[in-house]
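Student: I would like to learn how to read some features of a protein model. Please take them one at a time.

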Amino acid sequence: MTGASLERAVQLAGRVSGDSTVAYAYAFARAAEAALELTVPDRAVWLRALMAELERLANHLGDIGAICNDASFTLMHAHCSVLRESVLRASHSAFGHRLMRDIIVTGGVTRDLDGAGVDIIRSTLDSIRARFPALIELYDNTASLQDRTVDTGVLKPALAKQYAAGGYIGRASGRSFDARRSLAYPPYDRLRFDVPVLTEGDVNARVWIRVREVEQSLALIAQILDGLPEGAPGTHAGHRREAREGMAIVEGFRGDVLVWLRLRDGRIERCHLRDPSWFQWPLLEAVIEDNIVADFPLCNKSFNCSYSGQDL
């Protein structure tokens, strides 16, 4: 990224961890805008949050099913995969890319949302609301599945706090940090949502945090669509020759994504991108202690840390 233009650098940021392409581009853009003292149009601010919630929704749905799959409960995996696919297709219809890659840039977004896009997202929300509760009831009432997830892979709250674990890992172990609430960046400072927290710290708790966050994301997406401001979806990033620094933290589906950068003459002089998995991978070693070998995939998938993000 060193020496790259802002246009190229935000593309690279969005490729750090493919399932978090929105979160990384979002954090990078906000860091660059802080460095440039750039004000982004309200419509772009809200569209970014919409994409972030769609990304969170798709990933949580996929994770819930994948965790069940690692407990040999393939029915949940199949149904959750269908719901995840519906979110990806809606994202493609609304923004031109299933993962919404290269849509967020410094100064705004490259693609606006039209009426057809709004309609397909609303239709997708309606379908998930209709089908998701029955799946959660199935999860909660399947004794053989609960036997695998309850009291398995326990992360003690003290360790979650010590390592500043974010996302569903931290919140399943009593740590309530959520950048959308704790740092309240726009437009989340104007939206209503809860941050679910549990203290059990096991695989089951991490599933339930995802379930509750799916419900919150459904509500947030509806609020964003209802309150989406009119106006331009972006503004010119501008240019400054002197060195400028900026930093931002955005809540991705795994937890808080941090980007710090230094710009000089409109190009990247230094950039640090930090994945939430940096604080989460070491804790996986702690939670697999005293568990049977067959439960390692369950523990691992309930964490679902990023490999590529860690490789930074």
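Student: Does Asp290 count as buried or exposed?

Tutor: This is a predicted model, in which local features need pLDDT of at least 70 and side-chain atom pairs count only at pLDDT 80 or more, while totals for chains, interfaces and linings use all residues. Residues are numbered from 1 along each chain as its sequence is written, and side-chain values use heavy atoms, with hydrogens and water left out. Buried means under 20% relative accessible area, exposed over 50%, and partly exposed in between, using a 1.4 Å probe and protein chains only. Asp290 has 83% relative accessibility, so Asp290 counts as exposed.

Student: What is the phi of Asp290?

Tutor: Phi of Asp290 is near 70 degrees, a positive value in a residue other than glycine. Asp151, also not a glycine, has a positive phi of about 65 degrees. Asp151 is exposed, with a relative accessible area of 62%.

Student: Which residues touch the most other members of the largest nonpolar core?

Tutor: A nonpolar core is a set of buried Ala, Val, Leu, Ile, Met, Phe, Trp, Tyr and Cys residues joined through side-chain atoms within 4.5 Å. Here the largest one has 86 residues, and Phe28, Leu50, Phe95 and Leu113 touch the most other members. A second, separate core has 16 residues, among them Tyr168 and Cys305.

Student: Which residues does a cis peptide bond join?

Tutor: The cis peptide bond joins Pro186 and Pro187, with omega about 0 degrees.
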